[in-house]
Amino acid sequence: MVPDSDEARLLLASCGLELCVANGDETPAALDIVQRMSSAYVEPVVAVPMDVPNPVEELGRQWHRVAAQQRLAADDGRFLILLAGPGSSARGWLCVKDLVGHDLPARLLKGNGSLEFIALSIDGKRICATSEEEDEYWVCSEEVPS
């Protein structure tokens, strides 16, 4: 999927996201962030057990809470996202605005087939990601060192 293609726009729109322009801000390479977030040393800031009622909804609430605390979205609402799936690292970051404002993991699960994603602030300094582990969903948040 080419980042500025109709396919990308349709997929993102089906998830309540609007593709936008990143304005040339310098960001870390997608593969570097994927490797960083895949490290055995990454710990969740929130772990949601899969056996609780509505775990995907709870994951969404927690991701949005952590992302807001981290000031992930710029003042105009833009942030970068790397969707799960084949070729995602090669495709790179997609600059988006969340037009809905809640339940992003559930929307991505429905539209992209996975609730896993990595979001990055426009300035490339803050990460807030979700992952599916053995019996939990995780929200992970990190600062990118300068």
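A residue is buried if its relative accessible area is under 20%, exposed if over 50%, and partly exposed in between, with a 1.4 Å probe and protein chains only. By that definition 6 of the 7 residues of strand 6 are buried, so strand 6 is largely enclosed by the rest of the structure. The structure is a predicted model, in which local features need pLDDT of at least 70 and side-chain atom pairs count only at pLDDT 80 or more, while totals for chains, interfaces and linings use all residues. Residues are numbered from 1 along each chain as its sequence is written, and side-chain values use heavy atoms, with hydrogens and water left out. Helices (H or I, at least four residues) and strands (E, at least two) are DSSP runs, numbered from the N terminus.

- An open sheet is formed by 7 strands in the order 1-4-3-5-6-7-2, with antiparallel pairing; two strands pair if DSSP finds at least two bridges between them.
- Strand 1 (17-19) and strand 2 (46-49) are the edge strands, each pairing on one side only.
- From one strand to the next, the twist averages 25°; axes are lines fitted to C-alpha atoms, for helices over the stretch in contact, and angles run from 0 to 180 degrees between N-to-C directions.
- Strands of a sheet pair through backbone hydrogen bonds, either parallel or antiparallel.

**Strand pairs and hairpins**

- Strand 3 and strand 5 run antiparallel and are joined by 4 bridges; Leu-80 stands opposite Leu-120 in strand 5.
- Strand 5 is also joined to strand 6 by 4 bridges, again antiparallel, and here Leu-120 faces Ile-127 in strand 6.
- The hairpin of strand 5 and strand 6 has 5 residues between the strands, and Gly-124 in this hairpin takes a positive phi near 75°.
- Strand 6 pairs with strand 7 in the antiparallel sense over 7 bridges, and the hairpin that these two strands form has 3 residues between them.
- Arg-126 stands opposite Glu-143 in strand 7.

**Helices on the sheet**

- Helix 3 lies across strand 2, strand 4 (94-98), strand 5, strand 6 and strand 7, and runs at about 10° to strand 7.
- Helix 5 packs on the sheet and touches strand 1, strand 3, strand 4, strand 5 and strand 6, where contact means heavy atoms within 4.5 Å.
- The direction of helix 5 makes about 45° with that of strand 3.

**Buried side of helix 2**

- In helix 2 (residues 30-37), the buried residues are Ala-30, Ile-33 and Met-37.
- These residues cover an arc of only 65° around the axis, which puts them on the same side of helix 2; the arc is that of the directions from the helix axis to the C-beta atoms.
- Their cover includes strand 3 (78-83), helix 4 (88-91), strand 5 (117-120), strand 6 (126-132) and strand 7 (136-143).

**Loop residue Ser-114**

- Ser-114 is in the loop between helix 5 (104-112) and strand 5 and counts as buried at 17% relative accessibility.
- Leaving aside neighbours within four places in sequence, Ser-114 is in contact with Ala-84, Leu-108 and Leu-109.

**Salt bridges**

- There are 5 salt bridges in the structure, each a side-chain nitrogen of Lys or Arg within 4 Å of a carboxyl oxygen of Asp or Glu.
- One of them joins Arg-61 to Glu-58, with the closest N and O atoms 2.8 Å apart.
- Arg-61 and Glu-58 are 3 residues apart in helix 3 (residues 55-69), so about one helical turn separates them.
- Both are partly exposed, Arg-61 with a relative accessible area of 46% and Glu-58 with 21%.
- Arg-107 and Asp-98 meet in a salt bridge at 2.9 Å, N to O; Arg-107 is buried at 13% relative accessibility.
- Arg-126 and Asp-123 meet at 3.3 Å, N to O; Arg-126 is buried at 12%, whereas Asp-123 is partly exposed at 35%.

**Cysteines**

- A search of the whole structure finds 0 disulfides, the criterion being a pair of cysteine sulfur atoms within 2.5 Å.
- The sulfur of Cys-20 is 3.1 Å from the closest cysteine sulfur, in Cys-95, which is too far for a bond.
- Cys-20 is partly exposed, at 21% relative accessibility.
- Cys-140 is in no disulfide, and the nearest cysteine sulfur, that of Cys-128, is 8.5 Å away.
- Cys-140 is buried at 5% relative accessibility.
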